[in-house]
Amino acid sequence: MKDLIRSPLQFVRPMTKDEWQDLVLRAGHNERLRIRRRQRRAKPTSLDLSDRRGGELTRPASSASL
């Protein structure tokens with residue numbers, strides 16, 4: 001009875017060198033894309049405050065600090 005039970009790994013075909021190379025290239029490409037997306041997200045954005053209150057950047061008198 002034990003000889004009828006087979007491991008699933010017996011049915012898996014080993015990868016060829018070309019398939020392995022494609023897999024490695026695809027993984028490297030995906031990693032480069034992920035890094036590029038992260039860098040875009042982490043890039044600090046500069047705030048353009050020149051349009052605020054018509055170019056006026058003074059504090060109102062009511063917000064005096066203590």
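The protein exposes about 7300 Å², and carbon and sulfur atoms supply 57% of that area, where accessible areas come from the Shrake-Rupley method with a 1.4 Å probe and, for residues, only the protein chains shown count as cover. What we have here is a predicted model, in which local features need pLDDT of at least 70 and side-chain atom pairs count only at pLDDT 80 or more, while totals for chains, interfaces and linings use all residues. Residues are numbered from 1 along each chain as its sequence is written, and side-chain values use heavy atoms, with hydrogens and water left out.

Buried residues make up 0% of the 66 residues in the protein, buried being under 20% relative accessible area, exposed over 50%, and partly exposed in between, with a 1.4 Å probe and protein chains only. As for secondary structure, there are 1 helix and 0 strands, helices (H or I, at least four residues) and strands (E, at least two) being DSSP runs numbered from the N terminus. Helix H1 covers residues 17-42.

Let me turn to the salt bridges, of which the structure holds 2; the criterion is a side-chain nitrogen of Lys or Arg within 4 Å of a carboxyl oxygen of Asp or Glu. In one of them the side chains of Arg-13 and Glu-19 meet at 3.2 Å, N to O; Arg-13 is exposed, because its relative accessible area is 56%, whereas Glu-19, at 32%, counts as partly exposed. Glu-31 also forms a salt bridge, with Arg-34, and there the closest N and O atoms are 2.6 Å apart. Because Glu-31 and Arg-34 are 3 residues apart in helix H1, about one helical turn separates them. Glu-31 is partly exposed at 35% relative accessible area, and Arg-34 is partly exposed at 33%.

Now, the surface patches, which are made of residues with over 30% relative accessible area and no salt bridge, like charges being joined within 9 Å and nonpolar side chains (Val, Leu, Ile, Met, Phe, Trp, Tyr) within 5 Å. Met-15, Trp-20, Leu-23 and Val-24 form a nonpolar patch with about 400 Å² of accessible area together. Leu-23 lies in helix H1 and, at 35% relative accessibility, counts as partly exposed.

Which residues form the positive surface patch? They are Arg-32, Arg-36, Arg-37, Arg-38, Arg-40, Arg-41 and Lys-43, with Lys and Arg counted as positive, Asp and Glu as negative, and His and the chain ends not counted; the place of a charge is taken as NZ of Lys, CZ of Arg, CG of Asp or CD of Glu. Arg-38 is found in helix H1, and its relative accessibility of 53% means that Arg-38 counts as exposed.
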